[in-house]
Amino acid sequence: MKLLLVAVDASERSPKVVQAALDLARRTGAKLHLLRCVGLPPEIPMTPFGVTPDGFLQVLLDEAKKQIDAIAAKLPPEFVHGSETRVGTAWSAICEAATEHNVDLIIVGSHGYTGIDRLLGTTAAKVVNHAECSVLV
């Protein structure tokens, strides 16, 4: 393995996902590419906040960039290939980034509270079902 895509979010589970990815990278000599996806549900009206949807999305992107940069800064630099934020549905953006960067493995945390979501989570399950490479949940 050469390159691992690590998908993180703003949840409390993200540090554990990053740590698992770093442990695997150390064992295999792989590098990590960090990804944070941001989406804006279309049903949220922006006018009460005094911003346009694009302006609100930029605020979310800026915050996500700060979060991903903080994660990358805590990692040994020799293991970091890069980091990025993307706008879109998380599972789709993760799969697209994995294909674009030709990663060997996607690492994503599990999440969810009902049915199959308890085991894999909606995003994780969709990544598993749509990715062109292996996925570690």
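1. Which residues are buried in helix H5 (residues 122–130)? They are Ala124, Ala125 and Val127. Here buried means under 20% relative accessible area, exposed over 50%, and partly exposed in between, for a 1.4 Å probe and protein chains only. Seen down the axis of H5, the buried residues fall within an arc of 160 degrees, so they line one face of the helix. The arc is that of the directions from the helix axis to the C-beta atoms. The cover over the buried residues of H5 includes helix H3 (90–101), strand S4 (105–108) and strand S5 (134–136).

2. Some notes on the basis of these values follow. The model is predicted, so local features need pLDDT of at least 70 and side-chain atom pairs count only at pLDDT 80 or more, while totals for chains, interfaces and linings use all residues. Residues are numbered from 1 along each chain as its sequence is written, and side-chain values use heavy atoms, with hydrogens and water left out.

3. As to the overall layout, the protein has five helices and five strands. Read from the N terminus on, the elements run β-α-β-α-β-α-β-α-α-β. Helices (H or I, at least four residues) and strands (E, at least two) are DSSP runs, numbered from the N terminus. Of the 137 residues in the protein, 37% are buried. Among contacts between residues at least 6 apart in sequence, 71% join residues at least 24 apart; contact means heavy atoms within 4.5 Å.

4. Two further residues of helix H5 deserve mention. Thr122 is found in H5 and counts as partly exposed, at 41% relative accessibility. Thr122 and Ala90 are 32 residues apart in sequence, and their C-alpha atoms are 9.8 Å apart in space. Val128 is also found in helix H5 and, at 37% relative accessibility, counts as partly exposed. Leaving aside neighbours within four places in sequence, Val128 is in contact with Val135 and Val137.

5. How many disulfides does the structure hold? It holds zero, a disulfide being a pair of cysteine sulfur atoms within 2.5 Å. For Cys95, the closest cysteine sulfur is that of Cys133, at 7.9 Å, which is too far for a bond. Seen from Cys133, the closest cysteine sulfur is in Cys95, at 7.9 Å and again too far for a bond. Cys95 is buried, with a relative accessible area of 10%.

6. Rolling a probe the size of a water molecule over the atoms shows where empty space is left. On a 1 Å grid over the protein atoms alone, a cavity is a set of points where a 1.4 Å probe fits but cannot get out, whereas a pocket is an open set with protein on both sides within 12 Å along at least five of seven lines; lining residues have an atom within 4 Å of a point. The second largest pocket has a volume of about 190 Å³. Grid points are joined across faces, edges and corners, and a volume is the space filled by probe spheres set on the points.

7. The lining of the second largest pocket consists of Ser14, Pro15, Val18, Gln19, Leu22, Gln67, Ala70, Ile71, Lys74 and Leu75. Helix H1 (14–28) and helix H2 (53–74) are the elements that give two or more residues to this lining. The largest share, five residues, comes from H1. By class, the lining has six nonpolar, three polar and one charged residues. Ala, Val, Leu, Ile, Met, Phe, Trp, Tyr, Cys and Pro count as nonpolar, Asp, Glu, Lys and Arg as charged, and the others, Gly among them, as polar.

8. Ala20 is found in H1 and counts as partly exposed, at 37% relative accessibility. The C-alpha atoms of Ala20 and Val108 are separated by 9.9 Å, although these residues are 88 apart along the chain. Arg27 also lies in helix H1, and it counts as exposed at 69% relative accessibility. Arg27 and Met1 are 26 residues apart along the chain, with 9.9 Å between their C-alpha atoms.

9. A last point concerns the backbone. Asn102 lies in the loop between H3 and S4. Its phi is near 55 degrees, a positive value in a residue other than glycine. At 63% relative accessibility, Asn102 counts as exposed.
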